[in-house]
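The sequence and structure are shown below, and the description follows them.

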Amino acid sequence: MKSTDAVTVTVEVAVDHSTAFEIFTQEIDRWWRPGPINWYDSYRAVGKRIEPGVGGRWLEVYDDAKGDVLEVGRITVWEPGVRLVLLYRDGGHALDGTEVEVCFEAIDGGTRVTLEHRGWDKLAPDVVTRSRETKRWGWANILGWYQEWAFWGSPRRIQGRLRAGNSAMAYR
C-alpha cells in the first residue's frame with residue numbers, strides 16, 4: 001500500500017496537545033454529533049465512549065447500565081497527548097480490520113490533529129472503491145465537530161487557559 005492510499009484529515013485546535021488529546025478521548029460523547037449517518041444504530045444509541053489505554057474500546061453506547069454497547073474500535077496504541085491508534089471494527093461491516101490513527105502535534109498557538117484511516121489494502125477492491133471517498137468526507141465532518149467543540153464548548157479549553165495564567169485567551 002502506498003502512503004497516498006490512506007484517508008487523511010487534519011484540523012488545528014487552539015489548545016495544547018495534552019488538552020487536545022483529552023478533549024478527543026474524554027469528551028467524545030459531547031462533541032460527536034448523533035444522527036443516522038454518524039451512528040451504527042441511531043435509534044438506540046445514547047452516547048460514544050473511549051476507554052483509556054491499550055486494549056480499551058471505542059464504543060457506541062445503547063444502554064450503559066446493561067452493558068449494551070457496540071465496539072467500534074480496539075485501542076492498540078495509547079500515548080496521551082501524542083497519539084491514539086485503534087483497530088477499526090466498523091460495526092461488523094466491510095471496513096473491519098482497518099486502522100485509525102489520531103496524532104496530536106504541538107504547533108504555534110495550539111495543536112495539529114491528524115486522523116489517518118489506513119489498511120485499505122486488506123479489503124476487497126470493490127469495498128475500497130465504495131468506501132474511501134465516503135470515509136474521507138465522513139472523517140472531515142467528524143474532525144470538524146471536534147474542532148468546533150474544542151473551540152466553543154469544551155470546559156477543558158477554558159480551564160487550560162486559566163491554569164496557564166492567560167484568561168484573556170480563553171475568549172478567542
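## Arrangement of strands and helices

In this predicted model, strand β4 and strand β5 (residues 83-88) pair in the antiparallel sense over 6 bridges. Within this pairing, I75 has L86 of β5 as its bridge partner. The two strands form a hairpin with 3 residues between them, and G81 in that turn has a positive phi of about 80°.

L86 also has a bridge partner in β6, namely V100. Strand β6 (residues 98-107) is joined to β5 by 6 bridges, and the two run antiparallel.

Strand β3 covers residues 57-63 and strand β4 residues 68-79; 6 bridges join them, and they run antiparallel. The bridge partner of D63 is D68 in β4. Here, too, a hairpin is formed: 4 residues lie between β3 and β4, and G67 in the turn has a positive phi of about 70°.

| Hairpin | Residues between the strands | Turn residue with positive phi | Phi |
|---|---|---|---|
| β3 and β4 | 4 residues | G67 | about 70° |
| β4 and β5 | 3 residues | G81 | about 80° |

These strands belong to an open sheet of 7 strands with antiparallel pairing, in the order β1-β7-β6-β5-β4-β3-β2.

Helix α1 lies across β1, β2, β4, β5, β6 and β7 (110-118), and runs at about 145° to β6. Helix α3 lies across β1, β3, β5, β6 and β7, running at about 10° to β1.

How do α1 and α3 pack, and at what angle? Helix α1 (residues 17-26) and helix α3 (residues 125-153) pack at an angle of about 120°, with their axes 11 Å apart. That angle makes α1 oblique to α3. The crossing of the two helices is right-handed. In the contact, A20, I23 and F24 of α1 meet L143, Y146, W149 and A150 of α3. The residues of this contact divide into 7 nonpolar, no polar and no charged.

Methods
Residues are numbered from 1 along each chain as its sequence is written. This is a predicted model: local features need pLDDT of at least 70, side-chain atom pairs count only at pLDDT 80 or more; totals for chains, interfaces and linings use all residues. Side-chain values use heavy atoms; hydrogens and water are left out. Two strands pair if DSSP finds at least two bridges between them. Axes are lines fitted to C-alpha atoms, for helices over the stretch in contact, and angles run from 0 to 180 degrees between N-to-C directions. Angles under 35 degrees count as roughly parallel, over 145 as roughly antiparallel, 65 to 115 as roughly perpendicular and the rest as oblique. A crossing is left-handed if the near helix is turned anticlockwise from the far one by less than a right angle, and right-handed if clockwise. Contact means heavy atoms within 4.5 Å. Ala, Val, Leu, Ile, Met, Phe, Trp, Tyr, Cys and Pro count as nonpolar, Asp, Glu, Lys and Arg as charged, and the others, Gly among them, as polar.
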